[in-house]
Amino acid sequence: MKRLPDEREGSFVETVVPSDLSLRRLDQYLSETDLPATRSRIQRWIRDGGVSVNSVVVEKCGHRVSEGDIVTVTVPDPPASRAEPESIPLDVVYEDDALLVVNKAAGMVVHPAAGHAGSTLVNALLHHCKGLKQFDDPVRPGIVHRLDKDTSGLMIVAKREDAHTLLSRQLAERRVKRGYTGLVWGCPAKSSGTVDAPIGRHPRHRQRMAVVEESGGRRAVTHFRVRSVMDDGTLLSLTLETGRTHQIRVHLAHLGHPIIGDPVYGGRVKRLARIAPHRRPRLRMMLDVMRRQALHASELEFIHPYSGRVHSFRVPVPDDMRQAVALLSGSD
């Protein structure tokens with residue numbers, strides 16, 4: 001069975017569906033067992049790939065179970081403590097009674113985890129939104145989707161449990177549109193295209209993800225479009241059809257065009273060996289500016305969970321990416 005890709009390790013709970021619970025929705029069935037979780041948390045485990053039926057991962061909460069099915073759940077270990085409010089500046093793009101949209105800064109971890117007990121987006125949100133303390137999840141209250149620590153840009157945060165459930169459902173049903181701006185080494189052969197390649201844990205480096213052609217990877221789809229071509233790099237617009245850990249970074253590295261500045265997937269100094277020597281000094285300057293992966297969540301569109309109206313947001317890339325583009329373009 002696949003484990004949750006970015007949860008802490010936990011315990012396995014295995015049940016066999018009895019006749020009187022046959023044809024129940026998977027989330028409903030599990031909520032009627034002795035699992036130590038609310039239905040909304042169970043739904044999150046299902047969507048994150050932490051539940052299997054007869055050894056096959058099922059990511060749809062509405063999957064109907066049958067008598068005799070063996071349902072296995074990875075229950076993450078409980079967090080050591082509840083996240084605490086911290087007075088940290090937030091770039092709030094939009095806010096109402098149900099949700100807020102924030103422009104996360106590069107370098108900010110989304111929620112507390114091993115090695116990052118505080119100074120996270122969640123700590124800042126708890127100070128900004130007092131009501132988040134009432135969420136069932138004490139470590140990730142209100143978080144609908146995540147960004148890597150060094151990826152900047154737009155994120156939705158729910159301020160109420162019911163809004164969180166509705167927004168998470170939209171995300172699972174691929175109705176939340178997420179657009180990214182990425183700066184990559186080289187230039188793709190096509191002006192636009194799609195990478196449809198499964199992603200799983202790297203077979204040797206377990207802290208990394210990789211395209212996994214054999215069984216074990218989860219389907220991942222990334223669409224890209226060339227916006228601007230420079231001597232040694234390209235500015236891309238990217239959209240996600242799925243949301244796997246490090247998806248864009250892994251897919252672009254798989255194409256041979258890693259994100260500039262990405263230290264994990266071949267986007268830093270090792271790439272300079274392929275560049276003509278006379279161009280390397282300017283590119284070293286560019287990497288000194290771009291200390292992280294040059295990836296920014298620039299666009300976000302979703303349906304408001306209460307009003308039903310479509311909300312669309314767009315934010316420009318931060319200064320480090322603008323400077324990196326200027327150096328790649330040969331301008332000062």
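These are my notebook entries on a predicted model of a protein chain.

I'm working with a predicted model, so local features need pLDDT of at least 70 and side-chain atom pairs count only at pLDDT 80 or more, while totals for chains, interfaces and linings use all residues. Residues are numbered from 1 along each chain as its sequence is written, and side-chain values use heavy atoms, with hydrogens and water left out.

**Overall fold**

I looked up the secondary structure and got seven helices and 15 strands. Helices (H or I, at least four residues) and strands (E, at least two) are DSSP runs, numbered from the N terminus. The radius of gyration is 21 Å, close to the 20 Å that the globule rule gives for 332 residues, so the chain is as compact as a globular protein of that length. That radius is taken over C-alpha atoms, and the rule is 2.2 Å times the number of residues to the power 0.38. I also noted the span of the C-alpha trace along its principal axes, about 75 × 45 × 40 Å.

Of the 332 residues, 50% count as buried. My cut-offs: buried is under 20% relative accessible area, exposed is over 50%, and partly exposed is in between (1.4 Å probe, protein chains only). For contacts (heavy atoms within 4.5 Å), I looked at pairs with a separation of 6 or more, and residues 24 or more positions apart account for 66% of them.

**Cores**

The largest has 67 residues, and I260, M286 and F302 have the most contacts inside it. Strand β7 (residues 152-158) gives the largest share of this core, five residues. Another core, of 17 residues, lies apart from it and includes V17, Y29, I46 and C61.

I then listed the partners of F302, leaving aside neighbours within four places in sequence; among them are L99, V101, I156, L167 and F313.

**Cysteines**

I checked for disulfides (cysteine sulfur atoms within 2.5 Å) and the count is zero. C61 is buried at 10% relative accessibility, and C187 is partly exposed at 37%.

**Salt bridges**

I counted 20 salt bridges, each a side-chain nitrogen of Lys or Arg within 4 Å of a carboxyl oxygen of Asp or Glu. E59 pairs with R244, the closest N and O atoms being 3.8 Å apart. E59 sits in the loop between β3 (56-57) and β4 (70-76) and R244 in the loop between β13 (233-240) and α5 (247-255), so the pair ties together parts that are 185 residues apart in sequence. E59 is partly exposed at 30%, while R244 is buried at 18%.

D196 and R219 meet at 2.8 Å, N to O. D196 is in strand β9 (residues 192-196) and R219 in the loop between β11 (209-211) and β12 (221-229), so this pair links parts that are 23 residues apart in sequence. I also found R25, D27 and R39 joined into one network by salt bridges that share partners.

**R178**

R178 lies in strand β8 (residues 177-185). Not counting residues up to four places away in sequence, R178 touches H145, L171, L238, T239, L240, T242, G243, E299 and L300.

Definitions and conventions: A nonpolar core is a set of buried Ala, Val, Leu, Ile, Met, Phe, Trp, Tyr and Cys residues joined through side-chain atoms within 4.5 Å.
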